[in-house]
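Please look over the structure shown below before reading on. The notes that follow take up charged pairs and a surface patch in turn.

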Amino acid sequence: MDYSHQTSLVPCGQDKYISKNELLLHLKTYNLYYEGQNLQLRHREEEDEFIVEGLLNISWGLRRPIRLQMQDDNERIRPPPSSSSWHSGCNLGAQGTTLKPLTVPKVQISEVDAPPEGDQMPSPTDSRGLKPLQEDTPQLMRTRSDVGVRRRGNVRTPSDQRRIRRHRFSINGHFYNHKTSVFTPAYGSVTNVRINSTMTTPQVLKLLLNKFKIENSAEEFALYVVHTSGEKQKLKATDYPLIARILQGPCEQVSKVFLMEKDQVEEVTYDVAQYIKFEMPVLKSFIQKLQEEEDREVKKLMRKYTVLRLMIRQRLEEIAETPATI
């Protein structure tokens with residue numbers, strides 16, 4: 001390859017390049033399609049390198065569940081207490097320490113405040129006058145564990161909520177907890193990541209998994225360009241997903257970038273994709289026509305070589321009958 005004009009070429013894969021002018025035309029079409037939206041892309045030149053950056057839409061196409069990390073950057077998010085701890089009589093403080101129950105302090109009445117015996121009011125009795133009724137209010141021993149633990153399970157402080165939003169994104173509303181830490185994102189639901197044209201496929205995968213704190217290894221997944229025709233093209237480790245998206249065009253009704261498992265998806269070429277959506281009777285008729293065409297070609301070749309064999313035999317007989325000359 002002639003590298004005399006390498007500055008005007010932009011890499012789009014291993015040993016694959018595209019001219020800067022052609023890429024700019026594709027980029028202009030891309031931005032016109034997303035005019036007024038945050039999916040528009042920007043470009044700049046840094047040390048004679050042409051760089052495009054912006055958001056890339058990626059659709060979830062997973063068949064198996066994924067696992068969300070329990071910790072965010074060495075910061076543990078405490079799960080809500082189980083129902084058994086609500087009735088255990090323990091109380092958790094802000095740092096998880098056990099607090100002693102709070103009791104109502106006893107009030108002593110001095111002799112000065114006490115009423116004289118003659119003026120003592122009779123104790124209230126029930127309707128049958130059997131025994132005195134006791135007031136409930138001073139006798140109720142309410143501890144903090146009665147309500148504090150329950151609040152902890154349902155309500156987070158504003159600072160906790162801000163910390164969770166800062167350290168963790170959600171996949172369709174799924175944050176980490178013990179019930180939904182393992183789940184499968186809805187097929188076809190869309191997320192996005194901010195990348196640039198110098199990032200390869202493995203780098204984009206790691207960025208996406210880190211955004212949602214997914215525990216699975218990036219080596220389990222791959223990015224595929226899936227067309228509405230059924231064609232599936234796997235992006236190689238040396239490809240640049242943002243460049244691939246620009247070259248495919250902006251319309252996601254024609255093609256989308258999917259995150260899928262490596263061992264669950266096979267590539268489908270354009271030639272094969274043409275026949276995927278046909279019904280079985282139509283496909284059988286195609287096979288029958290191909291067989292008939294193949295039979296005709298075989299017969300034609302057999303006739304051709306039969307005639308050729310006869311001609312060779314006839315020539316050999318003529319040579320054998322001709323007397324040898326001295």
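Is Lys20 buried or exposed? In this predicted model, Lys20 has a relative accessible area of 17% and is therefore buried, since buried means under 20%.

**Salt bridges between strands and helices**

- Side chains of opposite charge can pair when their charged atoms come close.
- The structure holds nine salt bridges, and in one of them the side chains of Lys20 and Glu45 meet, with 2.9 Å from N to O.
- Because Glu45 lies in strand E3 (residues 42-46) and Lys20 in helix H1 (residues 20-33), this pair ties together parts that are 25 residues apart in sequence.
- Another salt bridge joins Glu53 to Arg42, whose closest N and O atoms are 3.8 Å apart.
- This pair links distant parts of the chain, as Glu53 is in strand E4 (residues 49-60) and Arg42 is in strand E3, eleven residues apart.
- Arg42 counts as exposed, at 55% relative accessibility, and a network of salt bridges links Arg42, Arg44, Glu46 and Glu53.

- Lys300 and Glu297 form a salt bridge, with their closest N and O atoms 3.9 Å apart, and because they are three residues apart in helix H8, about one helical turn separates them.
- Both partners count as partly exposed, Lys300 at 47% relative accessibility and Glu297 at 40%.
- Leu301, Tyr305, Leu308, Ile312, Leu316 and Ile319 make a nonpolar surface patch of about 600 Å².
- Within this patch, Leu308 is found in helix H8 (residues 280-321) and counts as partly exposed, at 42% relative accessibility.

Technical notes: Residues numbered from 1 in each chain as written. Predicted model: local features only at pLDDT ≥ 70, side-chain atom pairs only at ≥ 80, totals over all residues. Heavy atoms only, no water. Patch = residues over 30% accessible without salt bridge, like charges linked within 9 Å, V, L, I, M, F, W, Y side chains within 5 Å. Areas by Shrake-Rupley, 256 points an atom, 1.4 Å probe, with all protein chains shown as cover. Salt bridge = Lys/Arg side-chain N within 4 Å of Asp/Glu carboxyl O. Helix = DSSP H or I, 4+ residues; strand = E, 2+ residues; numbered from the N terminus. Buried < 20%, exposed > 50% of the residue type's maximum accessible area, 1.4 Å probe, protein only.
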